2 protein chains.
Amino acid sequence: MVDVARAAGTSQKTVSRVVNAEPGVRPETIERVQRAIAELGFRRHDGASHLRRGTSTASIGLVLEDLAGPFYAALTAGVERRAREHGYLLLTGSADGDAERAGRLVQAFAARRVDGLLIAPNLVGDEVLTANLPPDVPAVLLDRPSADHGTDEVLSDNAGGIASAVHHLAERGHRSIAYLGDDERFWTSRQRRDGYLAACAERGLGTDGLVSLGALTPERIAAAVSGWAAAGVTAVVTGNNRASVALLHHLHERTGPRPAHVGFDELDLADLLDPPLTTVAQDAAGIGSAAVDLLFERLATPTLPPRSVVVPTRLVVRRSSPPPDGASAPPVRNDR
Amino acid sequence: MVDVARAAGTSQKTVSRVVNAEPGVRPETIERVQRAIAELGFRRHDGASHLRRGTSTASIGLVLEDLAGPFYAALTAGVERRAREHGYLLLTGSADGDAERAGRLVQAFAARRVDGLLIAPNLVGDEVLTANLPPDVPAVLLDRPSADHGTDEVLSDNAGGIASAVHHLAERGHRSIAYLGDDERFWTSRQRRDGYLAACAERGLGTDGLVSLGALTPERIAAAVSGWAAAGVTAVVTGNNRASVALLHHLHERTGPRPAHVGFDELDLADLLDPPLTTVAQDAAGIGSAAVDLLFERLATPTLPPRSVVVPTRLVVRRSSPPPDGASAPPVRNDR
DNA sequence: ACATCCGATGACAACGTAGTCATTGACTCG
DNA sequence: CGAGTCAATGACTACGTTGTCATCGGATGT
């Protein structure tokens, strides 16, 4: 600004006025200053401006597990869109399963004076995570609960989504429904398993020996599926898209009767599979924008009590979930 | 720092020394200062530090078309990982097809004094884009060429990738190979079409009436495919994953002989489709990390001439690209 | 005992910007 | 014609930090 002022023959303060479109500058002065700005290629230093004004940086930090997954990508897109609507910029970082890395990201974001943090890595333990959250920066947890519900959180309706899958299958006549979940370290994994158990209990369906949680190795899946077949299982619910894909791979490589299948998480090509996969679609972008909304509300009113938002899921019925052999025809369409 | 200094009974400068681990502070003083820091929850203001030091902000800005797509998500993950390895933070924003929005993002990033820009939106016209690039911030274009090659760029081997698809099909005995591409506004769309034309010419294959570029509406695809069938086409190459999916949908909903099909861009579930789709896989993460590498090289040596990096593609042969009827049958490999 | 040196520390300025307040000069009004 | 008003502008300072240089007290050497 000093250079511009010299070029325009004014003071630095007048340049500041022109840059910020403050009133009280003669039109011809504005003109001179703007010409000097254009000539010198001047651009205001936002950091210095924020420092002097004491205003916020108009930015938020998003910590993810891994940007490349479809769920996190859609979530990030939702966050970014809503943030941009408010004129905020988005800083992103992935923890990649490393709690220390997540902590460093949080520290780095806080040091940059982001206005708020959105925290989504689901591999990092609750204790580690909440212990590392700076107390002076508003944070919203995404797709994971706050340890003591002392922080705003946005969750998918995991239990309800799984329940909708179970009810859908039960209504089509399935009486023995199994659950294939991912590693128990994931909170969502445990949560969905519990949703499955609750829905089955509500329906009076047995679940003994029908739950398999753990790493999604081909061996484990083969063992689980063959055990279930022997036990008369006619339908399987998978707890996330990695489990769905793993089960699909298994079924793809083996012959024999195919259980009905509903997968949690939408798959991009679900309707091009054979058969098209019935899924419980999560609204990842909705989770992201809801989190940004919570954050802005807290920025406006810091005294708000911690809130928890549950984003509904949507059951997308396709053809992988027909009634079991011998059952009556389902309402929507009749397969096999 | 002033508050910390008061609490620790030192000067603010000594706090600065402790915070930056500068030598020449008595251990007990360090101890006192650190206790005060912990008590007050002090955290250094990185913005002020950068301002005073005159150093860079250790951040880069990434402008995308749309974060939610798998290509951009993988690209972003590659960028973020490499940036983090250098201790840099990543600012992201989506243009969503709006050139003005892309321009605003660039301006906002530049005002935040990012050290460099990575520009990937492929819907924004070259002229608009390059006109809006600030001359004083190093930029790398991703997956799109620089108008006059005056800027560093990282491109996928579009022509080579398409050529590998054409050669693969030709070697399996196809003599009439069609090309289904996305809207001609996309540079990659034109580029890949040209790659197809060149490869066919090299093989002596005709292409008259075998090229269809445009919006991927069901009507257009149906018209193109039925025309091609009449013309004796036995294989189709699709120019991006949206085209692949569109063609798959069309083939899925219709009966009759199925042309061999190779799709540009990997699909997550390509191997679960029926038949599993042969694809030309792009290394999106590789494009991202290569772009970051180019950027850091330019930051180190600003006088470097503009460079262009081409990231190779990889042909993933699956079962959707068998020889035409009448040729010998390949089980999994076996050509022609 | 005195000069010297050195480790530890603090005072001050400056990075680029914007808020506060004073100054200037032209203009209006009685 | 003098006082008052007002628009336009600039001088100065502070935001939180770090580089430079000065200061201070004690230990060392002769």
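1. A side-chain N or O atom of R52(B) is 2.9 Å from a sugar or linking oxygen of DNA strand D, a polar contact in the sense of a pair of N or O atoms within 3.5 Å, where pairs within protein also need one atom able to donate a hydrogen and the other able to accept it, and residues adjacent in sequence count only if both atoms are side-chain atoms. The side chain of R52(B) also reaches DNA strand C, where one of its polar atoms lies 2.8 Å from a base nitrogen.

2. This is a predicted model, in which local features need pLDDT of at least 70 and side-chain atom pairs count only at pLDDT 80 or more, while totals for chains, interfaces and linings use all residues. Residues are numbered from 1 along each chain as its sequence is written, chains are lettered from A and ligands numbered from 1 in the order in which they are written, and side-chain values use heavy atoms, with hydrogens and water left out.

3. Two further contacts to DNA strand D involve phosphate oxygens: a backbone N or O atom of S11(A) lies 2.9 Å from one, and a polar side-chain atom of S16(B) lies 2.7 Å from one. The largest share, four residues, is that of α4(B).

4. Around DNA strand D there are 25 residues, of which T14(A), R17(A), T29(A), R52(A) and Q12(B) are the closest; a residue counts as near if one of its heavy atoms lies within 4 Å of the strand. Of the atoms of DNA strand D within 4 Å of the protein, 59% belong to sugar and phosphate.

5. For DNA strand C, the residues that come nearest, out of 25 around it, are K13(A), H45(A), T14(B), R17(B) and T29(B). The side chain of T14(B) places an N or O atom 2.6 Å from a phosphate oxygen, whereas that of R17(B) has one 2.5 Å from a base nitrogen. Sugar or phosphate supplies 58% of the atoms of DNA strand C within 4 Å of the protein, and bases supply the rest.

6. On the surface near DNA strand C, α4(A) gives the most, with four residues. Helices α2 (12–19) and α4 (46–53) of chain A, and α2 (12–19) and α4 (46–53) of chain B, each supply at least two.
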